[in-house]
Amino acid sequence: MLWRMLAAENQNQILIVDRDVATIEPLSQQLKHAGFAVLSITEGAAAVVAVELRPPQLVIVDWNMPGLAPLELLECVRKARLVQQLRLIILSDLSGEHEIVSGLNMGADDYIAKPFSVREAVARVHAVLRARRHANHAALSFDSLTLNTSTNRVTAQGAVLNVRGAEYRLLEFLMSHPGKTFNRTQLLAQVWAGNPDIDERTVDVNVQRLRKILAEPGYEACIQTVRGFGYRFIER
């Protein structure tokens with residue numbers, strides 16, 4: 001029960017474990033900008049305690065840092081996965097095929113070799129968490145509106161809707177968090193991976209397009225505008 005309660009509290013939290021502050025700060029800043037709560041730890045021994053006490057959504061860890069007990073950390077991750085789909089990304093100075101394969105075989109969801117691009121790392125975080133959502137929800141369904149993440153198909157009362165590209169990703173994200181309001185910056189980060197070439201107006205345009213598609217079967221009201229803040233998905 002304690003694990004379940006703590007997991008629910010930390011469903012949007014990312015834990016970064018790295019001795020290098022120059023690595024932590026820019027990555028942490030970009031992840032916070034993307035809407036995540038970020039906890040940073042610079043001591044390897046504290047990583048296991050942090051995961052045991054407050055299991056986050058994702059752990060990003062420097063596999064080679066002093067004081068880290070990789071096997072003990074993996075055991076904590078395994079226990080957390082019994083309750084939630086906790087994800088693990090390994091950072092390492094070692095970029096050889098053997099090291100990468102070994103890390104993935106031990107249970108990591110991704111392996112990022114240093115030095116790395118912060119934008120690429122954030123994109124990988126989004127990719128890992130998208131896979132997490134797909135694992136948790138093969139299909140999202142509300143009042144006969146169904147989004148199947150395995151086939152990437154949206155149906156309303158059994159009829160297939162032509163929802164593709166950004167509109168599909170937007171609907172998937174909002175349906176994955178029913179009732180929760182997201183501002184435009186958060187939606188840009190989650191749906192468009194924080195692409196700096198795309199502005200907030202893009203969110204409004206895609207919401208309008210999505211509503212138009214959902215209007216024919218009568219589901220346009222499911223995408224609700226929250227004045228002065230953003231958008232949310234509600235059951236009609």
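## The model and its overall make-up

Because the model is predicted, local features need a pLDDT of at least 70 and side-chain atom pairs count only at pLDDT 80 or more, whereas totals for chains, interfaces and linings use all residues. Residues are numbered from 1 along each chain as its sequence is written, and side-chain values use heavy atoms, with hydrogens and water left out.

The protein has nine helices and twelve strands, where helices (H or I, at least four residues) and strands (E, at least two) are DSSP runs numbered from the N terminus. Of its 236 residues, 43% count as buried; buried means under 20% relative accessible area, exposed means over 50%, and partly exposed lies in between, with a 1.4 Å probe and protein chains only. A contact means heavy atoms within 4.5 Å, and among the contacts in the protein with a separation of 6 or more, 58% come from residues 24 or more positions apart.

## Helix α7

Helix α7 covers residues 165-176, and its twelve residues should span 16 Å at 1.5 Å a residue, since the expected span is 1.5 Å times one less than the number of residues. The end C-alpha atoms of α7 are 17 Å apart, which agrees with that expectation.

Ten of the twelve residues of α7 are buried, so the helix is largely enclosed by the rest of the structure.

## How α7 meets α9

Two packed helices are described by the angle between their axes and the distance between the axes. The axes of α7 and α9 come within 9 Å and cross at roughly 85°, which makes α7 roughly perpendicular to α9; under 35 degrees counts as roughly parallel, over 145 as roughly antiparallel, 65 to 115 as roughly perpendicular, and the rest as oblique. The contact is made by A166, E167, L170 and L171 of α7 together with N206, V207, R209 and L210 of α9.

## Salt bridges

Side chains of opposite charge can pair when their charged atoms come close. A salt bridge is counted here when a side-chain nitrogen of Lys or Arg is within 4 Å of a carboxyl oxygen of Asp or Glu, and by this rule the count comes to ten. One of them joins K114 and D62 at 3.2 Å, N to O; K114 is in the loop between β5 (110-113) and α6 (118-136), and D62 is in strand β3 (residues 58-62), 52 residues apart. Both K114 and D62 are buried, and they belong to a network of salt bridges that links D18, R19, D62, D93 and K114.

Another salt bridge joins R87 and D109 at 3.1 Å, N to O. R87 lies in strand β4 (residues 87-92) and D109 in the loop between α5 (97-105) and β5, so the pair ties together parts that are 22 residues apart in sequence. R87 is buried at 11% relative accessible area, whereas D109, at 29%, counts as partly exposed.

P178 is found in the loop between α7 and β10, and at 44% relative accessibility it counts as partly exposed. P178 touches F142 and F233, not counting residues up to four places away in sequence. P178 and C222 are 44 residues apart in sequence and 9.6 Å apart in space, C-alpha to C-alpha.

Definitions and conventions: Axes fitted to C-alpha atoms, helices over the stretch in contact; angles between N-to-C directions.
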